[in-house]
Amino acid sequence: MKNLWRVIQFIPEYRGRVAGVILVGTFLGFIGTATPYIYKGIVDVISQLFSGKITLDSATASVIWLLLGFFALRLGVVLFGALQNKQADDLWLDTVSTFRQRVFDNMTQKSIDYFEKTRVGEIMDRFGNITTITMWLSSLTEGTLANILQMFFILVVLTLKVPVVGLMMTGILLFNFWISYRTIGWTKPHRRGWQEFAGRMTGLLAEMVGNIATVRSFGGEPAVKQRYDDTQAQWKVARDNLHKTQWRSEQALNVVNTFGVFIAVAIITHGALHGRFTTGDILLVLTLTQTLITSISPISRQINQASEIESASERLVELLDVASEQADKPDAIPLTQLKSITFADVSFRYPGTEEYALKRISFHLDAGETLALVGSSGSGKTTIVKLLMRFYEPTKGVILINGRDLRDYQQRSVRAIMGVVLQDVALFNDSIGENIAFAKPGASELDIKAAAEAANAHQFIARMEKGYETMVGERGIKLSGGEKQRVAISRAILKNPQLIILDEATSALDSESEYLVQQGLEKLMSERTSIVIAHRLSTVMNATNILVLRNGEILESGTHAELANKPGGLYAHLFALQTQGRKPLVGIS
Ligand code: ADP
Ligand code: MG
């Protein structure tokens with residue numbers, strides 16, 4: 001239960017309200033135990049009347065009091081029941097909302113490494129556990145604890161009245177709980193499998209939906225369907241085993257409980273025949289035993305589910321436990337003005353990998369200059385940018401900004417001065433205007449439009465049916481690559497950053513889009529510090545310094561003029577390849 005406990009501690013402020021719900025529940029349980037006494041009273045009065053022990057008048061008087069008492073108790077049930085119902089539902093609503101909000105906040109802080117390695121569906125599935133867990137906790141506070149207290153009252157009453165029956169029923173109850181508890185252990189492996197496969201199925205679905213175009217174009221439907229079906233078959237087996245185990249325990253308990261009730265009835269009837277109990281006593285004991293037996297199964301079920309909830313909690317806690325981003329140092333300072341960026345002997349290995357993705361990278365970039373990174377894919381270009389944004393920390397060496405360790409700055413302030421345009425543009429399923437304004441919440445329409453104009457995006461947006469209000473669809477699916485790219489550039493222009501980072505911003509585009517995008521980029525880059533990663537060397541020719549990377553190492557560095565004429569150089573070779581037999585690319589004069 002340690003995971004569930006941790007989950008509960010995630011929302012400690014509701015303790016008082018939980019206690020309130022339990023208190024009202026206790027009261028309800030108490031009324032539940034008291035009611036059969038009224039039945040007993042009425043039956044006893046009537047049998048005394050029939051055996052001539054009391055007069056009709058005194059019998060009537062007693063019955064009236066008893067009826068009034070009965071009415072008061074029922075009214076109590078109605079009122080407290082209504083109160084508890086409202087209380088408990090409000091409580092659940094608040095806890096589930098607070099919980100989701102906290103986990104969501106928490107997720108925004110997770111290290112990038114986690115997101116790079118985890119399936120979206122997996123995260124969704126774990127997130128969904130919040131509902132299951134809070135529901136269970138809610139029914140525990142609302143019904144089950146009160147039920148348990150009621151059982152306790154009943155056992156006390158029974159033991160005082162007929163000790164044999166009371167003790168026997170206590171034994172039976174303990175046996176019930178023991179078996180339910182043991183069942184948790186017996187079902188554990190099946191249950192874990194069951195949840196794991198369910199999570200995997202959600203993951204597969206999310207992956208299929210996200211990659212539908214690829215799946216279709218490769219005719220991959222049978223393959224993904226097969227994977228899904230296989231997982232589902234495993235899920236079914238696990239679920240079936242789980243249920244079989246539970247079913248066996250449940251049936252065994254039913255048999256034991258039936259015998260228990262039978263023996264209780266036999267004992268009490270035998271006693272009544274020998275004049276030890278009144279007719280009312282028989283009714284009292286029968287009602288109480290029956291109530292006891294019927295309230296066992298919801299409690300057993302709750303105990304049974306406890307393990308499900310515990311493993312759901314485990315999955316949720318794992319989600320919460322994922323390393324968060326590096327926290328800022330307590331005395332971290334804000335970065336306001338970028339003056340220089342220096343990589344000093346930086347080597348880097350991704351967590352959990354052996355191979356170094358970057359080896360002894362050193363360079364220096366002053367404000368206003370442009371650094372270009374060139375190299376085949378996998379050579380480490382993007383990794384350099386990730387380190388600069390502090391998504392990861394260098395394994396060796398140090399990154400300096402304005403001559404000071406990057407780790408001395410507040411991370412948000414470092415990222416705030418950067419504007420990043422990537423090859424794979426991330427858009428939200430929102431309007432184009434909102435997507436541009438993402439860089440600067442609260443930006444005016446005028447600013448948004450100006451940014452879009454500068455990025456050559458305004459023309460195509462204005463042509464759309466709803467202009468800036470047009471929804472872009474999931475991940476911007478309704479826009480072409482070039483259009484998305486220009487939205488991303490508008491976003492960066494609106495942010496007006498001191499440092500521009502372009503990671504293959506134009507490599508997926510056709511020449512015409514590239515021309516349009518390029519113009520936007522030039523406006524964005526003019527008079528700003530920039531880091532440009534590009535396959536097409538046309539984009540990097542004007543850089544102050546070009547680094548040619550191979551396998552995470554700097555192979556060559558210098559200006560275009562220096563590198564292009566270096567005999568036997570990689571850059572010279574690539575440049576020759578790209579210019580051979582082709583019209584000069586846009587940007588080459
Ligand atoms: P580039 O941008 O030059 O194409 P990257 O910087 O993306 O190359 O990748 C450099 C190397 O690091 C590659 O070998 C790549 O497989 C590896 N790599 C990239 N991201 C991760 C990651 N999250 N975990 C492990 N290895 C990674
Ligand atoms: Mg890359």
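Let's start with one residue: D405 is buried, at a relative accessible area of 18%. Buried here means under 20% relative accessible area, exposed means over 50%, and partly exposed is in between, with a 1.4 Å probe and protein chains only. D405 forms a salt bridge with R407, and their closest N and O atoms are 3.0 Å apart. By salt bridge I mean a side-chain nitrogen of Lys or Arg within 4 Å of a carboxyl oxygen of Asp or Glu. R407 is partly exposed, with a relative accessible area of 31%.

A word on the source. This is a predicted model, where local features need pLDDT of at least 70 and side-chain atom pairs count only at pLDDT 80 or more, while totals for chains, interfaces and linings use all residues. Residues are numbered from 1 along each chain as its sequence is written, chains are lettered from A and ligands numbered from 1 in the order in which they are written, and side-chain values use heavy atoms, with hydrogens and water left out.

Now the sheet. Strands are DSSP runs of E, at least two residues; helices are runs of H or I, at least four; both are numbered from the N terminus. Two strands pair if DSSP finds at least two bridges between them. What is the order of the four strands in the open sheet? The order is 2-1-4-5, and the pairing is antiparallel. Strand 2 and strand 5 (404-405) stand at the edges with a single partner strand each, so each has one side without a neighbour in the sheet.

Look at strand 1, residues 340-348. Seven of its nine residues are buried, so the rest of the structure largely encloses strand 1. Six bridges pair strand 1 with strand 2 (residues 358-366), in the antiparallel sense. S340 has D366 as its bridge partner in strand 2. Strand 4 (residues 396-401) also runs antiparallel to strand 1, with five bridges joining them. There, A344 stands opposite V398, and S347 has K396 as its bridge partner.

Next, a helix over this sheet. Helix 10 (residues 381-388) lies across strand 1, strand 2 and strand 4. Its angle to strand 1 is about 115°. Axes are lines fitted to C-alpha atoms, for helices over the stretch in contact, and angles run from 0 to 180 degrees between N-to-C directions.

Where is E504? In the loop between strand 7 (499-503) and helix 16 (511-525). E504 counts as buried, at 11% relative accessibility. Leaving out residues up to four places away in sequence, E504 touches K381, Q423, I533 and H535. Contact means heavy atoms within 4.5 Å. With K381, the E504 side chain makes a salt bridge, 3.9 Å from N to O. That pair links distant parts of the chain: K381 sits in helix 10, 123 residues apart from E504. K381 is buried too, like E504.

How many salt bridges does a search of the whole structure find? It finds 26. One of them joins R390 and E393, at 2.6 Å between the closest N and O atoms. Both R390 and E393 are buried.

Last stop: helix 15, residues 481-495. Of its 15 residues, 13 are buried, so helix 15 is largely enclosed by the rest of the structure. At 1.5 Å a residue, helix 15 should span 21 Å, and its end C-alpha atoms agree, at 21 Å apart. The expected span is 1.5 Å times one less than the number of residues. After helix 15 comes N496, with a positive phi near 50°.
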